[in-house]
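Here are some notes on one residue and the sheet around it. Please read them alongside the coordinates.

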Amino acid sequence: MGKGHELGRRGEALAAALLEAEGWRILARNFRFRRKEIDLIARRGDVVAFIEVKTRAGSGYGHPLEAVTWAKRREIETVARAWVARYGDPTDLYRFDTVAIVCREGEAPQLLHVEDAWRL
């Protein structure tokens, strides 16, 4: 496992802990459909959020939110539709969130949960 992969997994664990602290229940981690994936799927009340987690070790590649491109959003939407078709409930509300994390050496990680980050 490479450093980037390890950083990504650490970020997903930090994001899950943040969401749980905010009252969310994690329904799935790394839910896959075909070759695409959603990092986290979480529920709070009747809201189900499909969450993309982006983690960076610094600002050398820009802010983590910049990595959630139009193409990445389309991929996540495709996987979300598959999840809803399989597990969805017509009374639930669905949305797309992002969690941006910056983990600089020697500093506490900075987490930002962006609720309803984009719409279909």
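1. Glu 37 counts as buried, because its relative accessibility is 19%; buried means under 20% relative accessible area, exposed over 50% and partly exposed in between, with a 1.4 Å probe and protein chains only. The model is predicted: local features need pLDDT of at least 70 and side-chain atom pairs pLDDT 80 or more, while totals for chains, interfaces and linings use all residues. Residues are numbered from 1 along each chain as its sequence is written, and side-chain values use heavy atoms, with hydrogens and water left out.

2. The side chain of Glu 37 makes a polar contact of 2.9 Å with that of Arg 32 and another of 3.2 Å with that of Asn 30. A polar contact is a pair of N or O atoms within 3.5 Å; within protein, one must be able to donate a hydrogen and the other to accept it, and residues adjacent in sequence count only if both atoms are side-chain atoms.

3. Leaving aside neighbours within four places in sequence, the residues in contact with Glu 37 (heavy atoms within 4.5 Å) include Phe 31, Lys 72, Ile 76 and Val 79.

4. Glu 37 lies in strand 2, residues 36-44. Strands are DSSP runs of E, at least two residues, numbered from the N terminus. An open sheet with mixed pairing is formed by 5 strands in the order 1-2-3-4-5; two strands pair if DSSP finds at least two bridges between them. Strand 1 (25-33) and strand 5 (110-118) are the edge strands, each pairing on one side only.

5. Strand 2 runs antiparallel to strand 3 (residues 47-56), joined by 5 bridges. Arg 43 has Val 48 in strand 3 as its bridge partner.

Note on methods
Helices (H or I, at least four residues) and strands (E, at least two) are DSSP runs, numbered from the N terminus.
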